[in-house]
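This briefing concerns a predicted model.

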Amino acid sequence: MAFVAHDLGIDLGTSNTLVYVKGKGIVVSEPTIVVVESSNERRVRAVGDDAKIMLGRTTEGVMAVRPMREGVITDFDMTQILLQYFTRKAIGSSYLVKPRLFLTYPCSISGIERRAVMEAAKYSGGRKVFLVEKPFAAALGSGLPVFDPSGCMIVDIGGGTTDVSVISLGGVVISHSIRVGGIKMDEAIINFIKREFNILIGDRTAEEVKLDLGAALPIREERRARIRGRDMVTNLPQTTEITSTQIYQAIHEPCMAILSAIKWVLERTLPELAADVMHNGIYITGGGSLLYGMDQMIASELGIPVLLAKEPMDCAALGLGNIIENFDLLQHLGRTSFLKQG
Ligand code: ADP
Ligand code: MG
C-alpha cells in the first residue's frame, strides 16, 4: 500500500474527462457520461467509455447522464461519482493520505459554479484541491511561453464552451468564454436535418456526421454521406443523403459565434499584447479545433496566423501535468498565482 497517493490532474470537460497522474502521464481519457438506474437510488451502471456505448440505447429504467453542460456542473452527485470512479481507475484506492487534485475550469463560470467544482473534487476524495483556468492549462500544455512578458492567445474549443484568453507573465490577462462548442454544432446539425428532411437523428449520429462531413469553410470537392433517423411524419426509420455543403451551412452559425468571441477579446486586448498576438499567432486547442478548416477560417477572417496546438485534445491535461510535476519549483519561484485553492 502506498502511503501518500500521487497528485492528480483532472481536466473535467463537458464532453471528455482526462486524468493525469504524477510521474505517469495521462492514464484516463473518457467521455463525461454516467449511466444510472432511474429509480430513486440511481445506482451506477457504467461510466465513461462503457457509458457512451449505451448512449441512445438505454432500456427502460436506465438513463445516461451528462453531468456537465456548457462547462458547468448540472448534476452534482453524478459529477462526484464520475470523479471518484476515474480517480480510482487512475490510482486505485490503497493509500493512506488522499491525493492532491488539480482541476481545470472554464474562465466564465460564476463563483458558485466554481465552488461546485471544488466541492465535487473534495467529496470525491481530494485532500487538497487546486483549480486552474482551462486556457492557462491548455497554453502551458501546448508549450507556450506563459511566464514570458509576451502575450499569447489561446482558444480552447471544447464540447460545451469556447474559451478565448490572452496570457502573459504567468496569468490570464483577458478572457471570454461563450457557451458554444462542439455540442452546439451537433445540435445545429440535428435541427437542420429536422427542418430540411423531416428526419430526427440522435446526438451520436449528429456527431458522426460532423466528424465525417463538417467544415468551417466550404469544401471544394463536395462529399456525401447517408444518414439514418426517424421520419417525423410516419415515425418509421428513414435514410437520406446529405452533402458536406449542407453540413457546412448547418454549423455556420456556431462557427461564426466562435469567431466573434475571438474578435471580442482582440478588440479589448491592450495594444502591446495585441501586437504580440499578431506576431505570435493564435493557438487553437480542444476537440472543436480539429474541425476541418477551422484554423484557415479564423486566419483568413482576422488576418492573423492560426496554429493548431500539438495535442489539441490533451493539452489542458498535459498543462495540469506540467504544474503537478513542477509544483515545488513553481511555489519556490512564486509562480502559482494562477492557482485557485479551496
Ligand atoms: P471538452 O474539453 O469540453 O470536454 P473536448 O476538447 O474533449 O471537449 O472536445 C470535444 C468536442 O470536440 C466534441 O464536441 C467533439 O465532437 C469535437 N471533436 C472532436 N474531434 C473533432 C473533429 N475531428 N472535428 C470536429 N469536431 C471534433
Ligand atoms: Mg478539452
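The points below cover the domain division, the interface and the cores. Residues are numbered from 1 along each chain as its sequence is written, and chains are lettered from A and ligands numbered from 1 in the order written. In this predicted model local features need pLDDT of at least 70, side-chain atom pairs count only at pLDDT 80 or more, and totals for chains, interfaces and linings use all residues, while side-chain values use heavy atoms, with hydrogens and water left out.

**Domains**
- Domain 1 takes in 2-32 + 67-137 + 316-341, and domain 2 takes in 145-309; the bounds come from an automatic or database domain assignment.
- Their centres, taken over C-alpha atoms, are 26 Å apart.

**Interface**
- Contact (heavy atoms within 4.5 Å) links 18 residues of domain 1 with 18 residues of domain 2.
- The two domains bury about 1500 Å² between them, 59% of it on carbon and sulfur atoms; this is accessible area (1.4 Å probe) lost on being put together, summed over both.
- In domain 1, Glu70, Pro135 and Phe136 lose the most area to domain 2, together 40% of what that side buries.
- Between the domains there are 2 salt bridges, a salt bridge being a side-chain nitrogen of Lys or Arg within 4 Å of a carboxyl oxygen of Asp or Glu.

**Cores**
- The largest nonpolar core has 43 residues, and Met153, Ile189, Ile262, Ile282, Met294 and Ile298 touch the most other members.
- Such a core is a set of buried (under 20% relative accessible area, 1.4 Å probe, protein chains only) Ala, Val, Leu, Ile, Met, Phe, Trp, Tyr and Cys residues joined through side-chain atoms within 4.5 Å.

How values were computed. Buried means under 20% relative accessible area, exposed over 50%, partly exposed in between (1.4 Å probe, protein chains only).
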